[in-house]
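Visitor: I would like to learn how to read a few features of a protein model. Could you take me through them one by one?

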Amino acid sequence: MSKKVLIIAGDAVEALEIYYPYYRCLEAGYDVTIAAPSAKKMQTVLHDFVDGMDTYIERPAYGLDAQAAFEDIQPEIYDGLIIPGGRAPEYIRLNEHVPNIVKHFFEAQKPIAAVCHAAQIFATIPEVLEGRELTAYIACKPEVKVAGGTYIEENLHVDKNLVSGHAWPDLPGLMKAFVGLLEKA
């Protein structure tokens, strides 16, 4: 039976951070569901760095269909969770269903891949980070620490069932580690 993977996102999700994991999971033969605040075509964004700027820039990227709304997700039927970054985590963490969805994967010790700004979601459920280590985009370091986690100054980090990556250049390692955990589950 095929593994079932849930990706949670929303508008302004970073394009590479959702497309790469999505296609990698499809390539592996997994059944993948993308969930968002509502089932609709999401607008992804491209984050990039420009010489002379102190932070990244954002441009519109591709549209991508979310097949399900958060309120319709039953996390217990999924084997793994992927949380891409971009600006989506900033506001989807406020959705009443997202904390319980994410908490399920921590409590059940199912594989979780979190990249870049995904750590913002964990700030709404700090109990999942107590005693945990992870990396994230450097701007999320204060939120990781406030939530009780230990921020690791590496591009990729694995702590039990949680695979975390700093940003989109780290996706190959992130997905290799995630798929490895998923195949053992």
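Guide: We will go through aromatic rings, then a cavity, then a sheet. Please keep in mind that this is a predicted model.

Visitor: Let's begin with the rings. How many aromatic pairs does the structure hold?

Guide: A pair of aromatic rings is described by the distance of the centres and the angle of the planes. Here there are six aromatic pairs. Take Tyr22 and Tyr23: their ring centres are 5.3 Å apart and their planes meet at 55 degrees, so this pair is tilted.

Visitor: Is Tyr22 buried or exposed? And what about Tyr23?

Guide: The cut-off for buried is under 20% relative accessible area. Tyr22 has 14% relative accessibility, so Tyr22 counts as buried. Tyr23, with a relative accessible area of 49%, is partly exposed. Both belong to one aromatic cluster, formed by Tyr19, Tyr22, Tyr23 and Tyr62.

Visitor: Which geometry do Phe106 and Phe122 show?

Guide: Phe106 and Phe122 make an edge-to-face pair, with 5.4 Å from centre to centre and 85 degrees between the planes. This pair links distant parts of the chain, as Phe106 belongs to helix 3 (residues 98-107) and Phe122 to helix 4 (residues 119-122), 16 residues apart. Phe106 has a relative accessible area of 5%, so Phe106 is buried. Phe122 also counts as buried, at 0% relative accessibility.

Visitor: Now the cavity. How many cavities of 30 Å³ or more are there?

Guide: With a cavity, look at its volume and then at the residues that line it. The structure holds one of 30 Å³ or more, and the largest cavity has a volume of about 70 Å³.

Visitor: Which residues line the largest cavity?

Guide: Its lining includes Glu14, Glu17, His47 and His117, together with Phe49, Tyr56, Tyr137 and Trp168. Cys116 and Ala167 also line the largest cavity. By class, that lining has six nonpolar, two polar and two charged residues.

Visitor: In which sense does strand 11 pair with strand 10, and in which with strand 7?

Guide: Strand 10 and strand 11 (residues 162-165) are antiparallel, over four bridges. Strand 7 (residues 112-115) and strand 11 are parallel, also over four bridges.

Visitor: Which face of strand 10 is covered, and how do the residues of strand 11 point?

Guide: In strand 10, His157 and Asp159 make up the covered face, and Leu156 and Val158 the uncovered one. In strand 11, Leu162 and Ser164 point one way and Val163 and Gly165 the other, and all of them are buried.

Terms used: Residues numbered from 1 in each chain as written. Predicted model: local features only at pLDDT ≥ 70, side-chain atom pairs only at ≥ 80, totals over all residues. Heavy atoms only, no water. Phe/Tyr/Trp six-rings, centres within 6.5 Å; stacked < 30°, edge-to-face > 60°. Buried < 20%, exposed > 50% of the residue type's maximum accessible area, 1.4 Å probe, protein only. Helix = DSSP H or I, 4+ residues; strand = E, 2+ residues; numbered from the N terminus. 1 Å grid on protein atoms, 1.4 Å probe; cavity = no way out; pocket = protein on both sides within 12 Å on 5 of 7 lines; lining within 4 Å. Points joined across faces, edges and corners; volume = space filled by probe spheres on them. Nonpolar A, V, L, I, M, F, W, Y, C, P; charged D, E, K, R; others polar. Pairing = 2+ DSSP bridges.
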